[in-house]
Amino acid sequence: MLSRMAEIKVRWLSYLLAFGWGCLIVGLLWSENIQTTHRIYDPSEFSLTLFWTILVPFIPVFLMVAGHEAWRRVCPLSALMQLPRRLGIQWMKKSFNTKNGKIERRIRLIDKDSWLAQNFWLVQFSLLFVGVCCRALWIGNEPFLLALFFLGLISLAIICGYLFGGKTWCHYFCPMAPVQKFYSEPGGLLESHFYDANTRTPKSMCRSAGGNEDVSTCVGCKAYCPDIDLEKQYWQELNVKGRKWATYGLIGLVIGFYENALFLQVLESLLPSSYQSVTVAWSWLVVPLILGLSVVVANIIARTFEAITKALLNQYGSFNPVVIQHNFYCVTTFITFNVFYFYSTQNLLLFFSAEVVSFLLFALTIISTLWLVKSWLRNPEEYRRESLMKSLIRQLRTLPIDFSNLLEGRKLEELKADEVYILAKTLPNISKEQKANVYRETLKDMLEQGGITSVESLTVLADVRTNLGLSEEEHHSIILSLGVEDASLLDVDRQRNQQRQAGFQSFKPLAERWLLQQTDSDVSLSALMSSESFEKEMNRLRSLYAVDEHDYQAWLVDIAGTNNPIRNYNQNLLKRIEHEVNQLRSLERMEEAGHLTPIIVLIHALSMRIFSLMNEYIKNCLSLDIQSEQQSMLQDLHFSVSGFLQARLEFHELEDVLPDLLRADENFRQYLLTKRASTPHKPLDLVCLLSQIEVSSLLQSLSQDPDPYVSFYAHLALSEGKPTEQLADFYERYASHEFITAAKQQAEHPETHGEREVHFFVSVGGQPEELFRTSLPATMGASSLASLSIASSELLPMHAHFYEHKGQVWVCADSSAAKIFLGRRRIKRETAITSEQPITMGEQKNVRLRWQFGESRASKDYKRLPISLTDRLAWLLTFDLFKNLDLPALARLAQLSEVRAYAIGATLCQEGEHSHELYLLYKGELQAQLKTEQGMQPVARIKAGQPVGELGTITGSVRASDVAALDDVMVIVLDAQRFNQLLSHDAVTCKKLLGTVATRLQQVLHDQHQMPTR
C-alpha cells in the first residue's frame, strides 16, 4: 500500500505519529481536574480512555486492511528505534581482519544460528503475554503507570537500535510483532505484491531518501525478511519453532483477558470471607495463571482439530500439509479478530448507540471475511509461479517478437501469472535454442536473487520448463553450465545466507554510484580504486552494511573485469542518448510542419541535454584503462549521434558544448571537426511529417519529463495556448517555480500597456522611501528577478503582481502564503488599488508601498509589445549570444526582458550616453552611425539576430555610436543594471555569456585583420 511512497514523506509521517504518541504520554502524566462549560474532566483519564477504547482497537483492522508494509513503514516505534543509525551514533563491534591486518568496525547483527534467531516467536509472544498481564493488573486503569510503560518501551527500542543494525528490534524483540504477523500475513487486503514494488527498494525495506528514487539501506538483519518479500518469509517460516503455539494461543489470550474478571469473581465467591481481603494480592498470581491456562487450552483445542482434520484428509486422499497448516492459521486469525472486536466494541456503547456498534461489528465481519477468502486462496505454488513471472517476463522481452500485436494492445506487465505461462507455451516462430536461453536466464535470475536453490530449481521451475518444452535432462545441462560460469550460483549454503546477500546488495549500488561520481577523465578507474579515498569510502560502506571480505573481494574482481560499472553505466547512457536524439528528430519534423514557439524551445532543451550526456559519456570513456575499449565506446557514440552533430554544430562550437572531447580520441575529434555543416541547417529525416497521433504521443511523453521547463513547454504545445485541466494541474504542481508561476500570472492577466510609467515608493522597516520606475505588469518580491526587488526576508521571491486594467492598477498575491494588506484587510485575490491607498506586506507589515502614475510616454518613439514570457524565451534562442545557455539561464533573462517596436528612423541610443540597456534585434535592420563634420556617417549595419551594446553593458562603458532604425524593427531589451545583477548571482550564466562574448570579439578582430586595406 505504501511501498511506492517516497521515504522522505513516510519518514515525516512516522515522526508525526511519534510526536502524537509523545503528546499522549504527556496527557497521561497530566493529572488535574479541568473545568469546562459542560463538565469537569481529567486529561490523564481522557488520554487513558482514548488509547484503550479508540487507538488499540484500530490497530488490528488497520493491519488486516493496509497490511504489513504500511504498518512497518509508519510505525512510530520503528522510527524511534532507527534514530541512532540516522544520527550516526550506532555502536560498532571491532574485529581483526587477518588478510589485511587491519581492525575493522562492523554493525552488530543477530546470528541466524543463534538461540534468539531460532526462538524469536516464543520470545516476542512471551513479551506480548507479559504486556497483556500488565494491562490487566496495573497499566489498564493507571495513566501514570501506562506512561512509564510507554517510556520504558521506547527506551528499550532505542537501545536495541543503538546496539544492533537494521530492524533487529522489529524482527526479534517487539511485543507488537506477533499481533502484526497474525493480522497481516500472508498479506493485507491492500497489500501490494512483491513483484509490483520498486525493484531496488521493495515493500517496506529499510531505505533512505535518494535523488530520483529511494536507496536501500538493508543490512541483512534477518535471513527471510518480511520487509523485502512478506509472502516469501511467510511460507519459509510457516512451521518455524513457536509460531503454532503463538497463533493458536492468541485466541486464548484474548478470551482470558476479557473474562479474567469473571474468573476472579468466581474465585472470590469460593473463598471464605476471612480470605477475601487478600484477593487483590492474589490477583497478581491468579491473572497470569488464568491467561496462561487460556493459552494452553486454546492450543490443545486447536491442535486437536488440526490433527482430526489431517487424519480425515489422509484417509480420503492426499493433502499438502503446508496448505492445511496455512488454512488453519487463516481460520484461527479470522476467529481471533472477530472475538477481539466482540469484546472491545462493548466499550463503545459509552459513546455510541447500540445500532452504531452493531453496524460497526457487521462491517468488521465483512472485512475479516474478505481477508479470509483472499488468504485462503493463497498457496506456496501460486506464490512461486508469481515470483517466477517477473523474471520470465524480463527474458521474454529479449525475444524478437512484437508483443503489442500479439497481445492486442496489452502490455506484458498487465498479464497474470497463468497468462504469462500460456504465452511462453504458445510463442510463435521461436526456436528451441531461444526457448532454452529464456529458461536459462530465468533460472540464473532466480538463483542470483536467492529465491531458490539449485536443488529446489528442478521442482520450482517445472511449469516453466513444461511450457517451454524442455526436459529434465536439459535442465541439468543448464545447471551445470551455470556452475561453470559462476560456481557460487550452485553453492547452497551461500544461497541460503540471505542476511549476507541482503547487506551486499545494498552495498553494491551505493559503492558503484560513488565510483561513477568520482570518475574523472584525468584519473583512470584502476588509479581511483587504489586511492586512499576509495579505501576509506569502501570501509565506511562495508561497516554500514556488514559486507564480508569474500563478497568484497569478489566485487572488486568483478568491477575490474567484465562487470565494470563505468562500462555498464555508459551502455545505459548511450541508450538514453539515442532516445533523446530520436525525440529531437521528431521535434524537428514538427517544427518543419509549422509547430513553432514551444517546439523551438524543446529542440534547444534536448540539444543541450544531449551535449551534456555526451560529455558525461566521453568523460567516462577517458577514465577506462584500456585504450582499445575507449576508442570502441567512442565509435559507438559517433555511430549514434553523427547525424545530430553534423546538423547542430552549425550553431554550436564543438569546444563550447563538448569540452571533454578535446582530450578524447584525436581521430574522432578531427572527424567531427571536418564534418561541420557548410549549408544552412536542415532538420533531420524530413522524409515525412509526423501524424497527429505521433505528435500527441511525443508531447505527452515530454510533458512527463523531470525537467520542469521541458515539461512546461510540452504542456503548452499540447494545449495550443488554451487553458486545459492538464495545464492547470501542472501549474499547481510547480507553484513554487518562479518562471512557471510568472508565466501563469501573465496568462491569467494579459499585458495591457498604457503610455505611462508607474512610480512605486517603497519603505522597508521605516527607512526612507526608495523610488522604482517601471511599466505594468510588474512583480514585487525578494528575488533579484522581480521588477521591484526588495531586500526583505518577509517577502516571497515573487510576492505580488501588479497590472493595469481599464486605467486602474490592480494587485494580486503570488500565492496563498503571500501576505498583502490594504489597511487592516488582507488581500487574497485581485484587488484594484488607488494611489491614495498605501498597502503593506509581510508578517509584521514591515514593507510599505504607495504608487502614482509617472510622466506620459507619448513622446517616446517606441511602443512596448505584449509578447508573452514564454515567447520571449523562445526569441532569445535566435541570438548567438545565448546559444550555449540552458533553459534556466534563458528563463532568467526572459524575465528581465521586454519587447519594443521602433518605427523607421527612430534612435535607439546615442553616442556618449551610458549603456543602461542591452538591445537584441529580433526583426528589421539597424544602422550604427557617427557624428562627423560632414554629418552622420554610417559605420555598420546590424541585422536581425545580432545584439547591440553587449560589451558596453558588461563593462559599463558609454555608447560608441548612435544606433537608428532603418525600417520598422522589433528589439528585445534587457536593463543593464538588472542584467549585471543577474550575472553577479549566477556564475554559470556569467561564465557562458562571457565565453560567448569573448568568442565573438575574437571573431570581430579576426575579420578586421582579414579586411583588405585601402
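Helix 14 (residues 321–344) and helix 15 (residues 354–376) pack at an angle of about 170 degrees, their axes 10 Å apart. The model is predicted.

**Aromatic pairs**
- The count comes to 29 aromatic pairs.
- W121 and F182 form a tilted pair, with ring centres 5.9 Å apart and planes at 35 degrees.
- This pair links distant parts of the chain: W121 sits in helix 7 (residues 120–139) and F182 in helix 10 (residues 177–184), 61 residues apart.
- W121 is buried at 0% relative accessible area, and F182 is buried at 3%.
- F760 and F802 are also tilted, with centres 5.0 Å apart and planes at 55 degrees.
- F760 lies in strand 7 (residues 756–764) and F802 in strand 11 (residues 800–805), 42 residues apart.
- Both F760 and F802 are buried.
- Ring pairs join Y183, F257, Y258, F337, F340, Y341, F342 and Y343 into a cluster.

**Charges over rings**
- R135 lies over the face of W52, 3.9 Å from the ring centre.
- R850 lies over the face of F761, 4.4 Å from the ring centre.

**T840**
- T840 belongs to strand 16 (residues 839–841).
- T840 counts as buried, because its relative accessibility is 17% and the cut-off is under 20%.
- Leaving aside residues up to four places away in sequence, T840 touches K819, I820, F821, K845, V847 and R848.

Notes
Residues are numbered from 1 along each chain as its sequence is written. This is a predicted model: local features need pLDDT of at least 70, side-chain atom pairs count only at pLDDT 80 or more; totals for chains, interfaces and linings use all residues. Side-chain values use heavy atoms; hydrogens and water are left out. Axes are lines fitted to C-alpha atoms, for helices over the stretch in contact, and angles run from 0 to 180 degrees between N-to-C directions. Helices (H or I, at least four residues) and strands (E, at least two) are DSSP runs, numbered from the N terminus. Buried means under 20% relative accessible area, exposed over 50%, partly exposed in between (1.4 Å probe, protein chains only). Contact means heavy atoms within 4.5 Å. Rings of Phe, Tyr and Trp (its six-membered ring) pair if their centres lie within 6.5 Å; planes under 30 degrees apart count as stacked, over 60 as edge-to-face and the rest as tilted. A charge sits over a ring if NZ of Lys or CZ of Arg is within 6 Å of the ring centre and within 35 degrees of the ring normal.
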